[in-house]
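Dear colleague,

Please find the structure below, handed over for your use.

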Amino acid sequence: MKFFGINRLIGLILVLAILPLDSYAHGERAQQANTRMRTINWYDLEIGPKNVQVGEIVTVKGRFRASSQWPEEIPSIDDRVFLNVGTGGPNFVRLASNIDGVSGVQSTSLELGKDYSFETTLKARKPGRFHVHPILNVKDAGGMVGPGYWVEIGGSFEEFENSVETMLGRTVNLETFNLGSIAVWHIVWVVVGGAWLFYWIRQQPLLVPRMRKVDAAISRGDDPDSLITPTDLKVAIAFLTVTLLLIVGGFAWGEREAPITIPLRTAKTNMPADKPFPTSHVEAKVESATYRIPGRSFRMQLAVVNNGPATLQIGEFLVANVRFINPLVKTVTAIDEHDLVASEGLRIENGAIGPGQSKLIEVFAEDALWEIQRLTGMINDPDSIIAGLLFFYGDDGSREIVEIVGSMLPVFE
Ligand SMILES: [Cu+2]
């Protein structure tokens, strides 16, 4: 235990003993409020079916609007993004994904302010109950997580099959493909590396004192190579020879086993360049917005202009994946205990806006979800900008989605 303090060893064992505990929450509330509010607004999300057997298909689909208020300090989606799902472990395999119908097998780039549809096809792999979220991974910024739903997978892991046919007609099982040779190569290199390390740590001076001696020799102007004995040199030549032989032999063996290979594709997929920005018949401007901390009550004054043919009412305010629903316009009930729906959380005063009308309306969004989802942290944001999507519903069945943005003032009593 000379090289590894016993205290540290006990610590490591404790950590390993604690780690395998099941985790049910997986950080969806950990991101700063403003990151969740002003990056990706997910909506119309469908994850289903929610009860499947091992090997059956689950799709995650919906739409998202990339906020035009993307925080300046967070790298944006115009560089590289990758659509994925977030769940607690490798419980699914992803068979396919697309954004606006363009295959998402490789990464792509998107534009702020635009609206995209997406779909991911998963195959259930392990039995259990798992929380599944869509995620847009943004280069240098991390994952922008959408709302999650529970999916229950029945059956047994032994029934899971994940075979593909290669271009040359060979069927391979991706669950076990070449595991044997992967294990063999790991063992081979651990043995070679371990033997090399063992050779050096069994003689004096040991690694760090030896480095000091080399440094001292250099500063004295002596030849540091005098620390290396003729035996050291012979052993080093033997190790080098064995290593090179293993590499050359491994390469020849690989070439024989798989004469035709292509590299992993890493090119970026381009989205159609001429995609228009979303349009709407509604103009909505936040005149003022406050968040009253004791009442968990958000209130904003909204100047709305309706340029469309229908009488409109606000049915939903979506902010940071939380859906504040106006019960007078539509009914949305939470489908499980982690569904981010405040079914009666939205109250509108002076609500209906006729065609051609422009008026000032008061919007109240009140629910414990502000606190539960840790969005109240927004009062600590230096820029205190609040942003989200407003869903207007017309009396002709139409729907208009508008992103709103405003400065938010906290009220402390
Ligand atoms: Cu989750």
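On a 1 Å grid over the protein atoms alone, a cavity is a set of points where a 1.4 Å probe fits but cannot get out, and its lining residues have an atom within 4 Å of a point. The model is predicted, so local features need pLDDT of at least 70 and side-chain atom pairs count only at pLDDT 80 or more, while totals for chains, interfaces and linings use all residues. Residues are numbered from 1 along each chain as its sequence is written, and side-chain values use heavy atoms, without hydrogens and water.

There are 2 cavities of 30 Å³ or more, a volume being the space filled by probe spheres set on the points, which are joined across faces, edges and corners. The second largest cavity holds about 40 Å³; Gln-31, Thr-35, Arg-36, Thr-39, Ile-40, Trp-42, Met-144, Val-145 and Asn-321 line this cavity. Helix H2 (33-37), strand E1 (40-48) and strand E9 (142-145) each give two or more of these residues; helices (H or I, at least four residues) and strands (E, at least two) are DSSP runs, numbered from the N terminus.

The largest cavity has a volume of about 60 Å³. Its lining includes Val-81, Phe-82 and Thr-269, and E4 provides the largest share, 3 residues.

Elsewhere, 5 strands form an open sheet of mixed pairing, ordered E17-E16-E15-E20-E21; two strands pair if DSSP finds at least two bridges between them. Strands E17 (341-342) and E21 (399-407) are its edges. Strands E15 and E16 pair in the antiparallel sense over 4 bridges, and Phe-317 stands opposite Phe-324 in E16.

With kind regards

Conventions:
1 Å grid on protein atoms, 1.4 Å probe; cavity = no way out; pocket = protein on both sides within 12 Å on 5 of 7 lines; lining within 4 Å.
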